[in-house]
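Keep the sequence and the model side by side as you read.

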Amino acid sequence: MTKIRLPFAFARDQQVILDGSRLVIGPQASTIGLREAQRRLGSHRMPIPDMVDQETFALELARIYQSGTGEEETSTDTLLFDLEDGTDTTRQRDLLEDSSEAPVIQLVNQVLRRAVTSGASDLHLEPSEDGLRIRMRIDGFLQPVMHRSDVPVRRIVSRLKVMAGLDIAETRLPQDGRIPLSLGGRMIDTRVSSLPGNYGERIVLRILDRSSGLRPLADLGLSDKQVALLERMAAMPNGIILATGPTGAGKTTTLYSLLQLANRDERNIVTVEDPIEYDLQGVSQSQINAEIGMTFAAGLRATLRQDPDVILVGEIRDAETATVASQAALTGHLVLSSLHANGSVGAVVRLRDLGLDNFLIAATVRGVIAQRLLRRLCTECAKPRRSTDDDAAHFLRHNMTIPDVIFDAVGCASCNGAGYSGRVGIFEMIEIGDALRQAIDRGANETDLMALALGETETLIGQGLLEVAAGRTTLDETLRVVGDVA
């Protein structure tokens, strides 16, 4: 039997939740809401209400309406499409409020809602010769959501472009926008990119859950030694600290954690980001906008006039930003930023490539953090086995103890057949000491710098093999992400 419920938007606005025989009211509950709850109950007795604060009410609202019922949820397989379409974007959309919308809007909202509730980082809508394929990226891997030939692809793409504030008449050029959403009180920001293709415009959405919060350092996968090194870096009065790695490796999360360590009342902290992924209390955050000239370099120059102690620059991607960052470090500021490089020592080579002189790199860079994310083994179905000679060769190559038992991924219902659930970070960290500084200054190559900076187990492959030995991931996953050159 279907539970008696109020419409989601009504429950949210009137601060009254009716969930069968349970009544939850928020601090601003209205008489209208309570009367409607009584009317819906009819002959049933009005339950004793649970009076909760605003935060608890938002959590209850999300929990109850996300669970889905036959009344609230419509399967994408049974949606019928007509010529009606809604384009009202005057307010922020809540993904739980879609039960009476036009079918195209229902489908878009349901796909977005599924991506958010599944913890996806990206959502791909790909028009093809035989319809529309939708996939979402979870734990670094794309997983299918739907592939249908009977959906109006152009109208779905247009709906997303309208929500993102893009020009729906322009289909020949790439466009970028954003969609502010919420899911039962959770603030979700999506970055939208359109790209013209053979069968229509391809849309990719980057999903940022602003309400997920930052994780403590211990939860990132850092060892005690690495946590101590990060704390030491955050306390430095000046210099540049870099986080390197590919897109999606968690660089921003690490930099934010570092920023939290540096956040003290006596320090003025300013950030220049694209996008602003989390709201940080006590930190002044600025969004870049290259179209009007607010680039990373321009934003960084502006922050230097704001009397900062610590500056976070989202990314050093050109010679101008690298030069301004080094000048900021030389004038007594602590600069945190990300850089695309394959490893920690590779950051030095990348800065040289951007045009910085060796003496400037040696004088300003204080530390580099290289990182990757490995999929974590599902604890329900991980299968132990004895190490083979091929497995042992990887450990011997790095002078590490060969584990007697390692684990393979199998797949079960709890991990949706993937064999993995969640991810764990591995980190390669170097602190620029006197010996390394002198080597950088004299122009030493990457191999020589690596020999000076890192021991066998401190490299990314060494950290990955330690995770394999501890049973937290598989050897195949480590080799896929990090590789191991013979």
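Which residue follows α15, and is its phi positive or negative? The residue is Gly471, and its phi is positive, near 80°. Bear in mind that this is a predicted model.

Now look at α15 itself. This helix runs over residues 460–469. It is mostly covered, with eight of its ten residues buried. Those buried residues are Leu460, Ile461, Gly462, Gln463, Gly464, Leu465, Glu467 and Val468. The helices include α6 (224–234), α12 (389–397) and α16 (475–481). The strands include β16 (365–377), β18 (405–408) and β19 (420–431).

Step back to the whole chain. It has 486 residues, and 48% of them count as buried. Its secondary structure comes to 16 helices and 19 strands. Take the contacts between residues at least 6 apart in sequence: 62% of these join residues at least 24 apart.

Next, turn to α4, residues 103–117. Does its length agree or disagree with its residue count? At 1.5 Å a residue, its 15 residues should span 21 Å. The end C-alpha atoms are 21 Å apart, so the length agrees. Helix α4 is also mostly covered, as 13 of its 15 residues are buried. After α4 comes Gly119, with a positive phi near 75°.

A single residue comes next. Thr254 sits in helix α7, which covers residues 251–262. Is Thr254 buried or exposed? Its relative accessibility is 3%, so Thr254 counts as buried; the cut-off for buried is under 20%. Leaving aside residues up to four places away in sequence, Thr254 touches Ile369, Gln371 and Phe427.

Finally, consider a pair of helices. Two packed helices are described by the angle between their axes and the distance between the axes. Here the pair is α8 (residues 296–303) and α9 (residues 319–330). Their axes come within 8 Å and cross at roughly 20°. Angles under 35 degrees count as roughly parallel, so α8 is roughly parallel to α9. The crossing of the two is left-handed.

Which residues make this contact? From α8 come Phe296, Ala297, Leu300 and Arg301. From α9 come Glu320, Thr321, Val324 and Ala325. By class, the contact has five nonpolar residues, one polar and two charged.

Terms used: Residues are numbered from 1 along each chain as its sequence is written. This is a predicted model: local features need pLDDT of at least 70, side-chain atom pairs count only at pLDDT 80 or more; totals for chains, interfaces and linings use all residues. Side-chain values use heavy atoms; hydrogens and water are left out. Axes are lines fitted to C-alpha atoms, for helices over the stretch in contact, and angles run from 0 to 180 degrees between N-to-C directions. Helices (H or I, at least four residues) and strands (E, at least two) are DSSP runs, numbered from the N terminus. Angles under 35 degrees count as roughly parallel, over 145 as roughly antiparallel, 65 to 115 as roughly perpendicular and the rest as oblique. A crossing is left-handed if the near helix is turned anticlockwise from the far one by less than a right angle, and right-handed if clockwise. Contact means heavy atoms within 4.5 Å. Ala, Val, Leu, Ile, Met, Phe, Trp, Tyr, Cys and Pro count as nonpolar, Asp, Glu, Lys and Arg as charged, and the others, Gly among them, as polar. The expected span of a helix is 1.5 Å times one less than its number of residues. Buried means under 20% relative accessible area, exposed over 50%, partly exposed in between (1.4 Å probe, protein chains only).
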